[in-house]
Structures are given as C-alpha cells and as structure tokens.
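Subject: Handing over a structure with its ligand

Dear colleague,

I am passing on the structure that follows, together with some notes on what was found in it. Please read the notes with the structure open beside you.

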Amino acid sequence: PRNATLTLNDGNVIPQFGYGVWQVDPDVAEEVVTKALEIGYRHIDTAKIYGNEEGVGRAIAKSGIAREDLFITTKLWNDDQGYDSALKAIDGSLERLGLDYVDLYLIHWSQPKKGKYLETWKAFQEIKASGKARSIGISNFGEEAFQDIIDTGDIPAAHQIELHPYFNQKAMRDLDAKYDIVTEAWSPLGQGKADLQDETIAQIAEAHDATPAQVIIAWHLAIGNVVFPKSVTPERIEENWAAQDLTLSSEEIALIDGLTREDGRIGSAPEDFN
Ligand code: NAD
C-alpha cells in the first residue's frame, strides 16, 4: 500500500514513507522535491541545518497539493536550543518554508553535555499549543536523555534515530514502543554504502525481482519504522517509492533483523554530538 499511515500518540496521522533532503543542495531542492511530490510522496523530512527549507517550501507552494494532504517535518538546530531561542527558531523555519505550521518539529540532537534539552522541550510544548507544530518530537536522544524527557510527562510523538540493517537499534525501538512513540529511521539505506552491498539483502532482492534499496525500505516498513530515503536521482526516487509495494516474508524479515552489527553505526552517537 502506498502512503500507508501510522497514528501518533497525540492522535495525528503520519505517512510511514517519505522523502528526506539532507545533503540536497539548496539550488536543487525545489526541483527534486517537486519530482517527489509528482510521484506521490506526501511526507518531506527537512531541517534548518540542511539549508534547503526555502527550496522545499517553493516546491510545496507550486505543487498545488492541499496543505492537509502533506506532512512536513523540520528540526531545531543545536545553536537554537534553549527556551527563548526555540520559540524564535520555529518562526524562522516557518517563514523559510512559507508555511503556517509544520506537521512535526523535532529537537535535532539532544546535546546532553550542553544540558538544554529540557528547557527546549518546554518551549516545544508551547510551540505545539500555539499550533505552529501539530506534533513535536525528538531526534538523537540516548537512553538517559530520553528518560529525562519521558519524566517530564510530556511524551514525544516521534523519535528519529540512525537506523538501518547494519545498525537496527532494537533496544531504542523497544523503548520508543513502550511509550507509543513512533521510531523514524534516519540514513535508512545506510547512506547507500555497506548495507546496500550486503549479500543476504542481494539474495532477497533477486528472489523478488527487486533492488537492494527496495528490500531495505520494505524491511523498515514491515518492522513499523517511519522511513524517508534520500535520492536526487529521479529513477531512484521512483524506485524507492515503488518499494511500498514489496512485501517480505517473516523469514526474510528475520534474516535482515540478524544483520545488525556492533560497529554498524555510521553517524555520531547521540551522547557524543555536542
Ligand atoms: P539514506 O540512507 O537515505 O541514503 C541516501 C543515499 O543512498 C543516496 O545519497 C544515494 O547515494 C543512495 N541511494 C538512495 N536511493 C538509492 C537507490 N534506490 N539505489 C541505490 N542507492 C540509493 O541517507 P540519508 O540521506 O542520510 O538519510 C535519509 C534522511 O534521513 C535524510 O535525508 C534526512 O532527512 C534524515 N536524516 C536525519 C538525521 C538526523 O540527525 N535526524 C541524520 C541523517 C539523516
């Protein structure tokens, strides 16, 4: 099924599959997001730090798609953490996107050594109450910082973390699930590197007459993740979209579950990025 949705713990609905735009050049963002929207994508994942909110916004504006049919996520960058600065930061993102509200606003990194995530999270409650973000959540929180957020009693709707077959984050996914928090997988294809070369995934792909990228996307969807692979290549944007039609067997899912590795992480650990 295409554009299948999940219901967040605040009652809002999120398309499980989307399009991520990290490292998409500001000059090409409008063009590639336009392409994705034409194909049928309705969920876009951007961030202030990506520098392409304006291009994403222009693509949305000229698409003619009704606002309520889109799901737009952006993220608060690290230097905007803090109560007053977070309240200002959302206004900047909305202005660049040309929107009255985003569907999901995330604290991009927990930055535990900086120690500002709790006051930032307090501001996020206000941002949600004001209607500038329909849902609010977190990204890149380790277990300790995650627990601090839970202890506020204001439970995030989503938690976006690095997650791909070689780093499948079972423990954090279980923790998210315990609080009915949707897990969003960043770098879902492992940034197009080792995961895509895996022999087991290649065999499953061959059996389905599919590509390795499609098999990995189908695995994410099967295990309940929200997923938004990035590509600026039109054929791949289509290929990734078509992965929504691929259904893996429980044996195949278990095989991919078994690929996770101690050293599978590509990006920074939440605790280390400050
Ligand atoms: P990804 O895992 O989506 O990999 C993207 C790369 O994979 C592409 O650049 C391309 O080289 C390759 N690729 C894509 N489709 C392919 C296909 N069909 N066949 C072969 N190769 C293909 O990596 P990503 O961009 O890091 O992650 C996706 C999104 O996650 C980002 O765009 C961003 O929105 C989000 N993200 C968030 C954070 C965070 O800190 N919250 C960090 C990284 C990424």
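A residue is near a molecule if one of its heavy atoms lies within 4 Å of it. With that definition, 27 residues surround the ligand, and the closest are Asp45, Asn140, Ser187, Leu189 and Asn240. Please keep in mind that this is a predicted model, in which local features need pLDDT of at least 70 and side-chain atom pairs count only at pLDDT 80 or more, while totals for chains, interfaces and linings use all residues. Residues are numbered from 1 along each chain as its sequence is written, and side-chain values use heavy atoms, with hydrogens and water left out.

The shell around the ligand divides into eleven nonpolar, eleven polar and five charged residues, where Asp, Glu, Lys and Arg count as charged, Ala, Val, Leu, Ile, Met, Phe, Trp, Tyr, Cys and Pro as nonpolar, and the others, Gly among them, as polar. Helix α9, residues 234–242, gives the most to this shell, with three residues; helices here are DSSP runs of H or I with at least four residues, strands are runs of E with at least two, and both are numbered from the N terminus.

A nitrogen atom of the ligand is 3.0 Å from an N or O atom in the side chain of Gln160, a nitrogen atom is 3.4 Å from an N or O atom in the side chain of Tyr50, and an oxygen atom of the ligand is 3.4 Å from a polar backbone atom of Gly190. The protein covers 89% of the 840 Å² of accessible area that the ligand has on its own, as computed by the Shrake-Rupley method with a 1.4 Å probe.

Two residues have a positive phi although they are not glycines: Gln169, at about 55 degrees, and Gln191, at about 60 degrees. Gln169 is found in the loop between β8 (158–162) and α6 (170–178), whereas Gln191 has its place in the loop between β9 (182–186) and α7 (199–208). Is Gln169 buried or exposed? Gln169 counts as buried because its relative accessibility is 18%, and buried means under 20% relative accessible area, exposed over 50%, and partly exposed in between, with a 1.4 Å probe and protein chains only. Gln191, with a relative accessible area of 30%, is therefore partly exposed.

With best wishes

Definitions and conventions:
Polar contact = N/O pair within 3.5 Å; in protein donor to acceptor, adjacent residues only side chain to side chain.
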